[in-house]
Amino acid sequence: MTSRDTIAAIATPPGIGGVGLIRISGPAAEGIAMRLFRPLPPAGFLSHHLYHGEIVSPDTGAVLDEVLISFLRGPRSYTGEDTLEISCHGGPLILRTVLEEVLRAGARPAERGGFTKRAFLNNRLDLSQAEAVLDIITAQTRPGLAAAVGRLKGKLSGRIEAIRSEIIDLLAEIEADIDFSEDGSAEMTTGDPLLHIRRIIERITALAATYRQGRIYREGIGVVIAGRPNVGKSSLLNRLLGEKRVIVTSIPGTTRDLIEETVDLGGIPVRLTDTAGLRPPESAIEKEGIDLVWERLETTDAVLILLDGSADLTADDRELLARMTAKPLLPVFNKSDLPPRLEEESLKGLLREGTPPAIRISAKYGDGIDRLTAALRDLVLATPAEETQETMIAHLHHKTALEKAASGLVRARDGMSGGTPAEFVALEVREALDAIGEITGRTTPEEVLDRIFANFCIGK
Ligand SMILES: Nc1nc2c(ncn2[C@@H]2O[C@H](COP(=O)(O)OP(=O)(O)OP(=O)(O)O)[C@@H](O)[C@H]2O)c(=O)[nH]1
Ligand SMILES: [Mg+2]
């Protein structure tokens, strides 16, 4: 596919910067350069060369900016089309003015993800790779970034294509049987295809199971630090951040607002929220703060319950523990530098089964923080570090497509062993094939494509 129209957008973020980039893709790209750029190279623009000059308004002759431009002749460009890139000075007014001239010269404003969508439609990238572009831009940690780069390089596509080609082989086996039995000469041979289908189902299920991990690496997870006043919640947030972000005092009830900061815990972006200490409030302000905590505890992914390890459990501690029944919890005993009063035993009967053992730390002096971050990581990931998958799916619609494919194949398998005619078995297998194709974009409906590219920024 080559587009008939030409799109243009500012590709750098809004604001002031050293350089601002305007990107133009489509058949008018070269004409726009001819119209706006001076001095024109005598032999025209060579592809993949850099030209230094000015953008001049064709109407007024006014010089708008001194720029560097490059013209990339399709298909050797990101979108696969003729592409013009204008590097201007990075000021919002300059960029807007030059973009307006570009639009007047024959381009239209690009929609979100317009360039990447063209790259996809022109087969420069498959859909999972196009999505990886967005994942790279929004990655928050190194492992998340590495996984996204792997997807852009085609690691996921490779696995999907391998599964697809196995399904195609399977379909061929089944359809060969259909042809065969039309002669009336043979019944369907179920031995081989059945084994084959089981193996494919296993591979699909294994890939679908990487979603939880992939999503956590991509989006991160929310953890609320909760506890009664003065147990050291704010001290812990500061410790995990490595800076004095929040006020710490010995006065109970110091923190009033929810304070959210993202930390990188072993590669997972964790949004940590420091909260007001939970107790019967002593003022209207404190009550507001505490109401916010209970609300946030409803929606968070996991809770770090902080207890003062140098004191006995109080009624406020018990109330918090009693109300925390539904979320993954990590109990933490703070102030390990002081003589201990709390023991694991103290929590007996107060925690849900499966809650990990308490970690002893000193937020003030830093003891036990490594063990705490490891335990938090295990809590949110629920898988040990060494089991991290190389290829992870990170988008819900990937998981849905894989599950759809697996259930089609399960129906085919059951049909096959139950003696269903091969034509019907083949139909189920075809459905599975279509579902798998949605991941790489072979069979993805237009509205799903639109939804995916709408998440991109303009200019990408
Ligand atoms: N000895 C000791 N003191 C600590 C430790 N962590 C925090 N503290 C002290 O405990 C007091 C309260 O600390 P904060 O971090 O403000 O406690 P908080 O839970 O945020 O309190 P609120 O905001 O009132 O709910 C301060 O005086 C801290 O210095 C620790 O590990 N050891
Ligand atoms: Mg505090």
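Q: Which helix gives the most to the shell around ligand 1?
A: Helix H9, residues 233-241, with three residues. Helices (H or I, at least four residues) and strands (E, at least two) are DSSP runs, numbered from the N terminus.

Q: Before we go on, what kind of model is this?
A: This is a predicted model: local features need pLDDT of at least 70, side-chain atom pairs count only at pLDDT 80 or more, and totals for chains, interfaces and linings use all residues. Residues are numbered from 1 along each chain as its sequence is written, while chains are lettered from A and ligands numbered from 1 in the order in which they are written.

Q: Back to the ligand. How many residues surround ligand 1?
A: 24 residues. The closest are Gly-232, Ser-234, Thr-255, Gly-277 and Lys-364. A residue is near a molecule or strand if its C-beta atom, placed from the backbone, lies within 6 Å of it.

Q: And by class, what does that shell have?
A: Seven nonpolar, 13 polar and four charged residues. Ala, Val, Leu, Ile, Met, Phe, Trp, Tyr, Cys and Pro count as nonpolar; Asp, Glu, Lys and Arg count as charged; the others, Gly among them, count as polar.

Q: What does Ser-235 touch?
A: Val-248, Ala-363 and Lys-364, leaving out residues up to four places away in sequence. Contact means that the two C-beta atoms, placed from the backbone, lie within 7 Å. Gly-366 is 131 residues from Ser-235 in sequence, and their C-alpha atoms are 10.0 Å apart.

Q: New topic: strand E12. Why is E12 largely enclosed?
A: E12 covers residues 329-334, and six of the six are buried, so the rest of the structure largely encloses this strand. Leu-329, Pro-331 and Phe-333 cover one side. Leu-330, Val-332 and Asn-334 cover the other.

Q: Which strands are joined to E12?
A: Six bridges join E11 (residues 302-308) to E12, and the two run parallel. The chain gets from E11 to E12 through helix H11 (residues 315-323), in a right-handed β-α-β crossover. Right-handed means that, with the strands pointing away from the viewer, the path from the first strand over the helix to the second runs clockwise. Two bridges join E12 to E13 (residues 359-360), also parallel. Strands pair if DSSP finds at least two bridges between them.

Q: What stands opposite Phe-333?
A: Leu-307, and Arg-360 in E13.

Q: Which strands form the open sheet of seven?
A: The order is E3-E4-E5-E6-E2-E1-E7, with mixed pairing. E3 (37-38) and E7 (108-109) stand at the edges with a single partner strand each, so one side of each has no neighbour in the sheet.

Q: How do E5 and E6 pair?
A: Antiparallel, over five bridges, between residues 63-72 and residues 83-90. There, Leu-68 stands opposite Ser-87 in E6.

Q: Last one. What domains does the assignment give?
A: Domain 1 (7-110), domain 2 (132-210 + 393-444) and domain 3 (217-387). The bounds come from an automatic or database domain assignment. The centres of domain 1 and domain 2, taken over C-alpha atoms, are 44 Å apart.

Key. Buried ≥ 20, exposed ≤ 12 C-beta atoms within 10 Å, placed from the backbone.
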